[in-house]
Amino acid sequence: MINTIKKAQITHELSQQEIIDILQNDECNNELFSAADNVRCQFVGDDIHLRALIEFSNICKNNCLYCGLRRDNKNITRYRIDIDTIFELAQHAAKNMGLKTIVLQSGEDVHFTKEKMCKIIRQIKTLNVALTLSIGEKSLEEYQAYRQAGADRFLLRIETTDQDLYHYLDPKMSWQNRKQCLLNLRQAGLEVGSGIMVGLPNQTIESIANDILFFKEIDADMIGIGPFIPHPDTPLKNEKGGNLIMSLKVMALTRLLLPDINIPATTAMETLAANGQMMALQSGANVIMPNVTLSQYRKNYELYPGKSNTNCTPDDTLLLLRNKISSIGRKIADDYGFHKKQI
Ligand code: SAM
Ligand code: SF4
């Protein structure tokens, strides 16, 4: 096992079976995490990129079985932040907090038409920031319009490459279409971020190994991996959910195989353990997305329970992060943190 990890560290290649062996066996976890940490240091350095996350609408036309924002969940208060307020939040993050990337995330909310999104994008780009969108499946033409308006990156998790599982989890959605969206994002000239949840019901180790190989196949610029955390107001409320160690292992393997990409230490990891994100930063991750949405909205963007640390203001969150980051001997980047391809 140690030899396989060493091989991955040098060649950045593993077979499906080799990935399965590492995921199934916990004896070499420390070696895996430290190999991923070394590869991270070698390819993307010690800097941590902070991306300011604005959750601007929790309204969604989809009904994904796992998500607290799903259309049929009547137990949340729905909100949409108006365009001026979105800009003010972005301005605060850029000017007062010094953050270099703004991430706009939402449910699939039809209110935000292509024209409205382009208007928001153009406005935010006057702040000299990089801009990431995470707003779901759109047409190639829409992705091209966002790019033209100034958007730089787009996050769209494939969730799982097991198509049967995907179709069970995301009723009326098509896995092929989601994959096509990822190809269209690339064609539109946006940096492509994807990822999966770990610990979905009936998710196999084999399919997770395929997920990691899929990240390589689509030549991803960013990969976010988080444990699935069951939400009490969804059909999956009684499922077990994912665990931190398995999520970290999937993330570490992703770093070994895609050494120069951006990998966030995800909020879902921090939800499972108070030091989850710091563990991730020491096992291959190099990005954190602090939430800068006001707490009055944040408490209703509950994808899973325990997600929103609503007592913290955006400024408090940043201060806390700065301290944690310096405590592990790392520093916050002062550039935009684009994917610099090295292999
Ligand atoms: N609506 C857009 C989409 O689905 O691509 C963007 C926002 S969506 C809420 C962002 C991500 O949250 C999803 O891609 C999914 O992986 C994650 N997510 C949703 N429900 C979750 C849960 N119960 N546990 C962990 N992650 C979850
Ligand atoms: Fe909507 Fe995204 Fe949640 Fe699915 S994961 S219900 S598309 S917000």
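The model is predicted: local features need pLDDT of at least 70, side-chain atom pairs count only at pLDDT 80 or more, and totals for chains, interfaces and linings use all residues. Residues are numbered from 1 along each chain as its sequence is written, chains are lettered from A and ligands numbered from 1 in the order in which they are written, and side-chain values use heavy atoms, with hydrogens and water left out.

- Strand β2 covers residues 101–106; helices (H or I, at least four residues) and strands (E, at least two) are DSSP runs, numbered from the N terminus.
- Six of the six residues of β2 are buried, so the strand is largely enclosed by the rest of the structure. Buried means under 20% relative accessible area, exposed over 50%, and partly exposed in between (1.4 Å probe, protein chains only).
- The side of β2 towards which T101, V103 and Q105 point is opposite to that of I102, L104 and S106, and all are buried.
- Strand β1 (residues 47–57) runs parallel to β2 and is joined to it by six bridges; two strands pair if DSSP finds at least two bridges between them. Within this pairing, L53 has V103 of β2 as its bridge partner.
- From β1 the chain passes through helix α4 (residues 83–96) to β2 in a right-handed β-α-β crossover. Right-handed means that, with the strands pointing away from the viewer, the path from the first strand over the helix to the second runs clockwise.
- Five bridges link β2 with strand β3 (residues 130–134), again in the parallel sense. Here L104 has L133 of β3 as its bridge partner.
- A right-handed β-α-β unit is formed by β2, helix α5 (residues 114–125) and β3.

**Individual residues in these elements**

- S106 belongs to strand β2 and is buried, at 11% relative accessibility. Leaving aside residues up to four places away in sequence, S106 touches F56, S57, S134, I135 and Y301; contact means heavy atoms within 4.5 Å.
- A90 is part of helix α4 and is buried, with a relative accessible area of 0%. Beyond residues up to four places away in sequence, A90 touches I54, I102, I124 and L127. Its C-alpha atom is separated by 31 Å from that of N177, 87 residues apart along the chain.
- K125 lies in helix α5 and is partly exposed, with a relative accessible area of 25%. Apart from residues up to four places away in sequence, K125 touches A130, L131, A149, G150 and D152. The C-alpha atoms of K125 and G150 are separated by 6.5 Å, although the two residues are 25 residues apart along the chain.

**Surroundings of ligand 2**

- C60, N62, C64, Y66, C67, L69, R70 and G107 surround ligand 2; a residue is near a molecule or strand if one of its heavy atoms lies within 4 Å of it.
- This shell comprises five nonpolar, two polar and one charged residues. Ala, Val, Leu, Ile, Met, Phe, Trp, Tyr, Cys and Pro count as nonpolar, Asp, Glu, Lys and Arg as charged, and the others, Gly among them, as polar.
- C60 is buried, with a relative accessible area of 17%.

**Cysteines**

- Zero disulfides are found in a search of the whole structure; a disulfide is a pair of cysteine sulfur atoms within 2.5 Å.
- C118 is in no disulfide, and the nearest cysteine sulfur, that of C181, is 16 Å away.
- C118 is buried, at 9% relative accessibility.
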